[in-house]
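The sequence and model come first.

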Amino acid sequence: MALDSGTEALAKLAEEHVDHRFKGLPPDAYGLTVAELAGQRRNLFTGGFTTPVLALSAERLAHNLRLMETYAERHGLAFAPHGKTSMAPQLFHRQLEHGAWGITLAVPHQVRVARAFGIRRIFLANELVDAAALRWIAAEQDADPDFRLVCYVDSVRGVELMDAALAGAARPLDVVVELAAGEGARTGARTEAECAAVAEAVTAAAGLRLAGVAGYEGEVPDAGPERVRAYLRRLVALAADLDERGFFQGAEEIVVSAGGSAWFDAVADVFADVPALSRPVLKLLRSGAYVSHDDGHYRELTPFNRVPEEGALEPAFKLWSQVVSRPSPDQAFTNAGKRDAAYDLHLPFAQAVRRDGTERPATGVTVTGLSDQHAWLRTAGDADLRVGDWVGMGLSHPCTSFDKWQLIPVAEADGTVVEYIRTFF
């Protein structure tokens, strides 16, 4: 699908009607288009939004996009942020506007979403052996000369399945050999010898073209700076070795790719020393959680903690829910639970309380558990909390925050909602 068709698809999102599918939106907005509701610039706290409601900060979202664009440029990295984080085509296009080479994805459904919205460069960080999906990708490539997909391979068997499914395709599919981050890590060929065997199988496959190497340093066992850098140096050495052995003769450039959201500083350091190869090298970073950042997992792990001189990401999510029960002095319950908040890495963090138009810190309030539709709060003696108060909570793990909301208000600092982000999970 061409980029102009993707722009048309984005425009159609604004024509979608607000209805029962979308949590937290004002009941009296039912039947309005998303564009009409956005044009009203309602206030998140006084404009009829119902709790629970998840909101993104307009200012922080813009800051994070600018920061990672600058970081990638400074370090000479191409950037393909992982789209599985948000599955929001509006954010995909904003990331592209901020210099991204393309979008990383994980499974065929995500690729179909990206293509429906005109994304032309996709890095698929998984070995794809589904014949139906491969045939669809081949048809997309054949129909659109500007579309390029790069896919992992990590086994000879996978190469064979892919090649069989791609029989008759006009263009070969670019693949990169995945080097595992260590024994017991997730996917990837475990040794350089296995990687070479996979590369050799690719060169014998008519439907595939070897384009480089890749891996995910976030799976390094007992990860620390030295272990992560050692793995990344192995990845670079693998690229150089496969190049010396002539495996990239059909490639226009050699892709060397890594980079989650916890170690992109190590990727930048090691990739700075990629040697000259027989073809231009595309040093491709794939960090995705940066777009919203968070108040838990990535706040603790972000590389900017190690390199504060390069800037700082800002958590852009806040989940607002309402106190619906205050059964005892040390306990309260709000109406947001597992259906609304990420909880796989950390529980939400109580941060703010709103009452009668005034916001203050959530002093003495701690989230201790989640039911399906309730947050359990422990309240210390200095906690001023009443039934009806709104509690703003920070979240951990963006990937499991976005996926619970189909239409997310983006609010400015004063609460004015200026747009809505549509997700496709």
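Thr416 sits in the loop that joins strand E17 (407-411) to strand E18 (417-422); strands (E, at least two residues) and helices (H or I, at least four) are DSSP runs numbered from the N terminus. The model is predicted, so local features need pLDDT of at least 70 and side-chain atom pairs pLDDT 80 or more, while totals for chains, interfaces and linings use all residues. Residues are numbered from 1 along each chain as its sequence is written, and side-chain values use heavy atoms, without hydrogens and water.

The side chain of Thr416 makes a polar contact with that of Asp414 at 2.9 Å (N or O atoms within 3.5 Å, one able to donate a hydrogen and the other to accept it; residues adjacent in sequence count only if both atoms are side-chain atoms). Ile103 belongs to strand E3 (residues 103-105). Its C-alpha atom is 28 Å from that of Glu183, 80 residues apart along the chain.

Buried means under 20% relative accessible area (1.4 Å probe, protein chains only).

| Residue | Relative accessibility | Class |
|---|---|---|
| Thr416 | 11% | buried |
| Ile103 | 0% | buried |

Contact means heavy atoms within 4.5 Å. Beyond neighbours within four places in sequence, Thr416 contacts Arg41, Arg42, Asn43, Val410 and Ala411. With that same exclusion, the contacts of Ile103 include Ala80, Phe92 and Ile119.

In the helix pair, H9 (residues 225-244) meets H10 (residues 264-271) through residues including Val228 and Leu232 on H9 and Val267 and Phe271 on H10. By class, this contact has eight nonpolar, no polar and four charged residues (Ala, Val, Leu, Ile, Met, Phe, Trp, Tyr, Cys and Pro are nonpolar, Asp, Glu, Lys and Arg charged, the others polar).

How values were computed: Buried < 20%, exposed > 50% of the residue type's maximum accessible area, 1.4 Å probe, protein only.
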